[in-house]
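Colleague: Could you take me slowly through one part of this model, the place where the two chains meet, and then look closely at a single residue? I am still learning how to read such a structure, so please connect the steps.

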Amino acid sequence: MDRLNKRIAYLSAAPILILLLVFFVAPLLVIGIYSIMPQKSFSLLAMPDFSSYSLIFVEGYLKSLFWSLVLAFSSTVILFLLCWPLAYAMAKIFNRFTLIITIAVVVSLFVSENIRLFGWLLTLMKGGLIEGLLRHYTGNGFEGALYNVPIIIFGLVYVYFPFMLFPLMQGIAMIAEDTRQAAFDLGATRWQVLREIELPLAAPGIVVGTLLSFVLAAGALAESKLLGGQTVIVLADDIETAFTYGQNWPLGSALSMLLIMIIATIAVFGISRVDIDTIMGRKRS
Amino acid sequence: MTISRRQFNKGVAFTAGATLAGPIGSAFAARNELNILCWEGYNTDEVLSPFRKLNPGATVRAESGTSDPDMINKLRAGETNVWDLINVNQPWAQGQLYPEGLIKPLNKDRFMPYFDQMLPEFKAPYPLALAGNGDLIGMPQRYGPFSFVVNTDKISRATAEDQGWKLFLDPKMKGRYGILTYDNWNVMHMALTGDQNPFEPMDAAGLETFKKTADAIFGGAKMLTDDLVAMNLALINGEIDAYFTGGTYTASPARLDGASNVRAITPNSGPVGGKGGVVWVELTSLVNNPNPSTIAEDFLEYVQKPEICKAVAFAEGTYNPVSQMANPKVMSLFDSDELDAIQMDSLAEEMERSLDYQIVPSYDELIKIYSEAKRS
């Protein structure tokens, strides 16, 4: 009976597996093969020479990688610190108000990221909404707030806010109130409850939120382009240049593979630390 | 009604067979359709609707690209069997598309006479529309000088034209300009800033000079963006006083909106035969589609009509002169504000002072140096 069940399970999974193979694995495979082709090759059948990988180290692309990871890391930490109290309140304290906040945050996703960032550009630029109004009413203005690293981080935090908030809320919802009360009854301090009860129990939500925010921010481009004025060049920018103006698909593919491998390693490490099934409401027996 | 398992299986087999046969079948069907891959303008209703009326049974579609290489990548990725016309800047057609067999020659008997109605710069034999063997590889229409842009309230036109590219090496300009990162253009312009000819191969010393120029220009820039609207906003609001790489194409939307202090500048002098500006010209070419459209060449002929020339020149987004403006019927369709937006007052002299956008032989080395300087 078990064997039959297994066979049925494999059969039912077959369509989605085939779909994943065709639409998810195949493009990755093509990128992987392109990445080992000779420079400027547009064919997948040339003799592999791995030259693009050596170029990454010779031509300073590690600097762009560094910036991508630093920006992603900083924005993820800020997002976590910002979202934790709000997610906590949404999961534990607010009742109907949670729905209002949820709708407000989700509605912002209906507008394209570029348009939202352009809104911030018009708000923050010299002569924009803030500086322009200030200068109009006080006679004193200031240099615009754009084109620096902090504003890129601000952009990332703004754009990826929902991707941290909702998983975190889900994670916090899994903390049983009884467990917290028991800890307090046994004399635990607020700090101890946070560190030893709340954070470990909300870990699946924290991991999902952190991974989503980090992965998306590491591949983000619009924030550094629009708000940051490309003060720093991120790896996604180099990938775009290699595929377009550089017309060097192997180099673009190698840079993509580098980012994919780093992010995959971080994701596998993160996921292996927690039981993701719990957040899906399907505790493993 | 009940369906038996056998009937169901038959239905599935038929559907699968029809799906598989679809693409194969269409390969042998006559194609009364037209797919155009173009810069913004050719995809507007003003341009396409009258053509659709002229060809009632045909399906006419156009998609606008965001950069030349993006569009070329589509053909390289195997979409030659999708597109019938491609509209890109020189020198992509001459340097890459034609040698790689992605586009094919036009019928010279049909199209060469149209060059007689164009501005003097485009009179036949117009070298940029021809391949080395004399084949006609595309029809020119929109064009424009493309060097840099200033806010004339801060830097006068005369000063900018006299200083030319050296404006961006002036210590007083540090932190006062942006770079519009149209990378292939920046490469040409940086070479010209360093008194080099980008259209000739560079030796090691030349590459070193280019590196110094690229470092200096990136080092002094306040901002970088590839968005011309963001760049014009920064110029109008005083974040910057000039931007490196720009022309009538980028300045015209701001000028038509009333910001006539945004002005595209062509240097008075430069290192290549005394010229320092560069001009772009779009070519619309016939894609080497294995199953060609029956109406692709008709469309190329259709866009030579005066009212369509005007629609292409003043499509949404950016405004540009067209080579057919030598024809009084075309010229009469533009009002004074529109002519001012495309800087018609100085267009001819700017063209005189500009080099044609050609193949950059050392592009591979230069783009590497450029990209490194951009990252640093």
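Modeller: A residue is called buried when its relative accessible area is under 20%, and exposed when that value is over 50%. Please keep in mind throughout that this is a predicted model. With that cut-off, Ser68(A) counts as buried because its relative accessible area is 1%. Ser68(A) sits in helix α3 of chain A, and, if its neighbours within four places in sequence are left aside, Ser68(A) is in contact with Ala218(A), Val234(A), Leu235(A) and Ala236(A).

Turning to the meeting of the chains, 29 residues of chain A are in contact with 34 residues of chain B, and the area buried between chain A and chain B is about 2800 Å², with carbon and sulfur atoms giving 53% of it. On the side of chain A, the residues that lose the most area to chain B are Glu59(A), Tyr147(A) and Tyr245(A), which together make up 26% of what that side buries.

Between chain A and chain B there are 4 salt bridges, and a salt bridge joins Asp238(A) to Arg375(B), where the closest N and O atoms are 3.0 Å apart. The count of residue pairs in polar contact between chain A and chain B, both at pLDDT 80 or more, is 14. In chain A, the helices α3 (61–93), α5 (113–124), α11 (222–227) and α12 (235–243) each supply at least two residues of the side that touches chain B, and the residues of that side divide into 13 nonpolar, 9 polar and 7 charged.

Notes: Residues numbered from 1 in each chain as written. Chains lettered and ligands numbered in written order. Predicted model: local features only at pLDDT ≥ 70, side-chain atom pairs only at ≥ 80, totals over all residues. Heavy atoms only, no water. Contact = heavy atoms within 4.5 Å. Buried area = accessible area lost by both parts, 1.4 Å probe. Salt bridge = Lys/Arg side-chain N within 4 Å of Asp/Glu carboxyl O. Polar contact = N/O pair within 3.5 Å; in protein donor to acceptor, adjacent residues only side chain to side chain. Helix = DSSP H or I, 4+ residues; strand = E, 2+ residues; numbered from the N terminus. Nonpolar A, V, L, I, M, F, W, Y, C, P; charged D, E, K, R; others polar. Buried < 20%, exposed > 50% of the residue type's maximum accessible area, 1.4 Å probe, protein only.
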